[in-house]
Amino acid sequence: MKEFFAMRRAEAAALLFLVAFSAFSFLPVWRDIEIGGIAVFGWLMVALMLISPVLTLLVFLRGERRE
Amino acid sequence: MLVERVLVVLDLAGCVGIGIFASRKVLGSRDEYWVAGRRIGTTVNAMAIMASLASGGSIIGVMGLAYSQGIPATLALFAGAVLGFPLASLLVARQLRNFGKYTITDFLAFRYPHGVVRYLVPSLIVVAFTIYIVAQLKAAGITAQALLGVPYDAAIILATLVFIVYVSFGGMVAITWTDMIQGALMLIVVLGAGLAMVWRVGSPLELMRQATEVAPELGQVTHQPVASYLGYFVIWATAIPVIPHIVMRVSTAKDAKSARLSLNLAMLAYSVMILVAVLAVVPVGKLHFPGLEDADLVFLKVMESEFPTLIRGVAVAAVLAAVMSTTDALLLACSSAIAHDILGGLLGDRASEKTMAVIRVGAAWVVGLLALYWALSPPDLISRFYTAGIGLLSASLFVPTIAGLWWKRANLAGGTASLVVGAATYILAQLRIFDLGVAPVVIALVASATAMLAGAHFGRRESPTMLEAIAALHE
């Protein structure tokens, strides 16, 4: 890891989580199952659109408090 | 239509007024013109970033797409942009704001000092953004024709002249203030309309249940191949951290913290606006207007049937505001690529500040008039091409930028190779010279990353001085 410039642990974790969540959302299985008339894939996209800003904002504010 | 026309004329006049007012301050200074003196506050910047990204497509297009292609696939396209914001906030905002220059070209040409980088990057920006501007002008013309009864040609000539005047004379200061007002207008109209729809039915879930009972295809995605929306998702996720009009906004922030917070707040506002539009307005459109031939009219049909004249007029102004707030930012970024990146690079210190001011204003007029010329008789598929244009920027700029900021082994050979290979692969894949059954942007990003690795392996290691300079950007 010395080949990379250091990133705060919380920021790296948030980044990894969001990328993993995106990859998980695109699994083909979620296209066929529906909840409330909407494919689970659609609900996962809704979740991603809500989780992304809130999580990043929380990580930012946590970092600011620590500084 | 009188109320709508009056509101739109007031909006356009306000923009010109702001541009002329700002010109007194900005014309004599590079910093003021390109990055508004780097003193834009967090809230104003957040709203301006949101407005820059939220084009006509984000209001009319998102609802039309959800109406015709279903909610899940539509959200996949826009979720890409939402994911792009954390990438921008976590990976580039602090470093590029600390870098303290104006454009993405400035950073890449510093990190990989080679003529290919210095001139290829702005050339790609000019090509991609001119296509984007033409698509936006076409959207403005069609919207004005449909909503205001103004002929297409007259509408885009008037709109373009207004853009050019306030962008060329008012620079980033004028754009920031007009975008902030336009962003607030968009947010209020979409959220207001969505909340009113939900209020009448009781809950968004009940609204969705009713709509999917009548039109089950609204919630389905099985009829679409994954590649059709995965490509768009990846394009926008990787574009936001490197796309020039967003990078310039990062540079306008008063400090690195403000830049990051602006991006986070912009992402929140953009996300909520898109979700309300898709989950609250589209179901009502599907229930009340199930057989629309032109799906893009769904928002305006809903506004027409559910709200009084004055609110409809505000909605029309909000749609045009969405088009204008993106186009002005694109025009400034495109003229910065010509005036600052290319001509500024060629002239260096030989040009006086006065000469550079003339070049800045002239570049905006040249780009604007050229885009107008094409928009008067636009190619049929221009609206599809603009995402391809953004894909070209993602494919070529994402890897060299992120690796240049974070990977110590990124070097001149790797950076230059990843830029050229990313752009070339994307163009070849788009033209279907080869087709691997995967979205072109995915192939191009892999090729760009491979070129970076190869360059780092075979090329000379980066100098300690450069690594120290990059390390300083992380502090």
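What share of the contacts in chain B with a separation of 6 or more comes from residues 24 or more positions apart? The share is 85%, where a contact means heavy atoms within 4.5 Å.

Before you start clicking, a word on the model. This is a predicted model, in which local features need pLDDT of at least 70 and side-chain atom pairs count only at pLDDT 80 or more, while totals for chains, interfaces and linings use all residues. Residues are numbered from 1 along each chain as its sequence is written, chains are lettered from A, and side-chain values use heavy atoms, with hydrogens and water left out.

**Stop 1: chain B as a whole**

Select chain B and colour by secondary structure: you will find 19 helices and zero strands (DSSP runs numbered from the N terminus, H or I of at least four residues for helices, E of at least two for strands). Its C-alpha atoms fill a box of roughly 65 × 50 × 40 Å along the principal axes.

**Stop 2: a lysine inside**

Now pick B:Lys286, in helix H12 of chain B. Is this lysine buried or exposed? B:Lys286 is buried, because its relative accessible area is 6%. Leaving out residues up to four places away in sequence, B:Lys286 touches B:Tyr67, B:Ala215, B:Glu217 and B:Leu218.

**Stop 3: the interface with chain A**

Show both chains. Here 48 residues of chain B are in contact with 35 residues of chain A. Together the two chains bury about 3700 Å², 75% of it on carbon and sulfur atoms (accessible area, 1.4 Å probe, lost on being put together and summed over both parts). Highlight B:Leu90, B:Trp406 and B:Lys408: they supply 16% of the area that chain B buries against chain A, more than any other three residues.

**Stop 4: charges across the interface**

The rule finds four salt bridges between chain B and chain A (a side-chain nitrogen of Lys or Arg within 4 Å of a carboxyl oxygen of Asp or Glu). To see one of them, select A:Glu64 and B:Lys257, whose closest N and O atoms are 3.5 Å apart. Several helices of chain B give two or more residues to the side that touches chain A, including H5 (71-99), H12 (256-288) and H16 (382-406). End on H5(B), which gives the most, with 14 residues.

Note on methods. Buried means under 20% relative accessible area, exposed over 50%, partly exposed in between (1.4 Å probe, protein chains only).
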